[in-house]
Amino acid sequence: MFSYWEQQSFSHYDHIVVGAGIVGLCVAIGLRERYPQASVLILERGLLPTGASTRNAGFACMGSATELLDDLQHASEPEVVGLFAARKKGLERLRKMLGDNKIGYQENGGYELISKQETAALDKLDYLNGLLKPITGKDAFKPASERLSEFGFAGAYSKALIENTCEGELNSGMMMRALLDMAAQCGVEVKTGASVLDFEEEEKQVIVRVKDPFRTDVWPLSCSTISICTNAFTKSLLPDVDVTPGRGQVLVTQPIPGLKFKGIYHFDKGYYYFREIDGRVLFGGGRNLDFETENTTDFSLNSLIQSDLEQKLSDIILPGMHFQVAQRWAGIMAFGVNKYPIVKSFSTRVYGAFRMGGMGVALGSETAAQLVAQHEAI
Ligand SMILES: Cc1cc2nc3c(=O)[nH]c(=O)nc-3n(C[C@H](O)[C@H](O)[C@H](O)COP(=O)(O)OP(=O)(O)OC[C@H]3O[C@@H](n4cnc5c(N)ncnc54)[C@H](O)[C@@H]3O)c2cc1C
């Protein structure tokens, strides 16, 4: 049961965005910029955004060489180049919008460790560089094997190193805080602990039913448009979309005295990734070890994958060095038949941008901008 005042002042918004990850926040900010007089509300089920945006590794990734070569087996050259371009544009947009200081953006180098089985990729760097040159204006990939011993990686796994000249790194916590601050500054209302149960499109409005953790009754809000930005969790609101959740697991070590590298690194076609952060190593991946179990929206840890991460940290990344794991966590990514995000107007009132393919840090703001551009004035 609602009070007269609640009904009058808190139940209708021009635009409701579901999900306060990178995409939802950027959509809400973009809607306020496009329609300065409109009321915009974000509904987020967690006290904090609880999906991938606060739980990732903070790589502003464009795709490693072996990953792009693998993509080219399943998609056309224009498709692969188009996705690379969207990631690059998204990163530029994010940096311009928030400022490098506020997101801890740095360019300490991006590299891929190449195993013995993958050395053929070295012969294809010229081809990849040629494909990407119209976007990058420079060689995206360079052989950098001479740095392997400087960084201290185990020679038994790493036969070569490829530098990616377009990638950077950021601090995901700072980025999300900066986005939330910007949303508040530009007048976006954010309600956390507000889980959207379902919505119904009517002729002149959309009714959005929200679970309030304190009240027993469901809260029906109304809006002119709804934008679903719930990534891996989208099927609960749009059951027919092609979205499969994929859990990502990460660990971070205690600070390691004498750590020999900075920057961001991938190996095994991007299935593993690590970086230096505050003198520690953040290391994640291994979903490919147990795909079936990892197709889940459950945030718990998989001991098989966590043990594998520790083993690889010891064998490949920090051979002969002592380390202690400080923290472990999981987040949920979204995948589908291809790597393209879904950016769609389902009607003039219902919109969605989701399925970031596990690489939404750079891509997220561009995807959001595309969705805002699709909104029709109503
Ligand atoms: C471990 C890990 C490491 C990663 N590393 C990187 C990386 O280094 N670089 C990179 O580019 N990408 C990385 N990613 C992927 C990247 O984090 C995501 O692609 C990106 O954050 C997706 O943003 P999003 O806004 O679409 O989704 P999310 O951040 O998942 O946001 C969706 C939001 O919707 C909310 N929500 C869901 N359902 C409802 C509902 N019914 N009602 C209300 N709210 C709801 C959720 O709580 C969540 O906050 C990683 C992901 C993980 C898990």
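**Entry 1: the ligand shell.** I kept in mind throughout that this is a predicted model. I began with the residues around the ligand and found 45 of them, with Gly-19, Gly-21, Gly-51, Gly-331 and Gly-360 coming nearest. Sorting the shell by type gave me 23 nonpolar, 19 polar and three charged residues.

Next I looked up where the shell residues come from. Helices α2 (22–34) and α11 (360–374) each supply at least two, and so do the strands β2 (40–44), β9 (195–201), β12 (244–253) and β16 (325–335). I noted that α11 gives the largest share, four residues. Then I checked the domains: the ligand lies between domain 1 (4–54 + 174–242 + 338–374) and domain 2 (244–335), because both give residues to its shell.

**Entry 2: Ala-232.** I found Ala-232 in the loop between β11 (218–228) and β12. Is Ala-232 buried or exposed? I counted 25 other C-beta atoms within 10 Å, and 20 or more make a residue buried, so Ala-232 is buried. Leaving out residues up to four places away in sequence, I listed its contacts: Ala-232 touches Gly-51, Val-243, Pro-245, Thr-297, Ile-332, Met-333 and Ala-334. I also looked at Met-356, which is 124 residues from Ala-232 along the chain, yet their C-alpha atoms are separated by 8.6 Å.

**Entry 3: helix α6.** I checked the span of α6 (residues 125–136), which has 12 residues. Its end C-alpha atoms are only 14 Å apart, whereas a straight helix would reach 16 Å at 1.5 Å a residue.

Notes:
Residues are numbered from 1 along each chain as its sequence is written. This is a predicted model: local features need pLDDT of at least 70, side-chain atom pairs count only at pLDDT 80 or more; totals for chains, interfaces and linings use all residues. A residue is near a molecule or strand if its C-beta atom, placed from the backbone, lies within 6 Å of it. Ala, Val, Leu, Ile, Met, Phe, Trp, Tyr, Cys and Pro count as nonpolar, Asp, Glu, Lys and Arg as charged, and the others, Gly among them, as polar. Domain bounds come from an automatic or database domain assignment. A residue is buried if 20 or more other C-beta atoms lie within 10 Å of its own, exposed if 12 or fewer, and partly exposed in between; C-beta atoms are placed from the backbone. Two residues are in contact if their C-beta atoms, placed from the backbone, lie within 7 Å. The expected span of a helix is 1.5 Å times one less than its number of residues.
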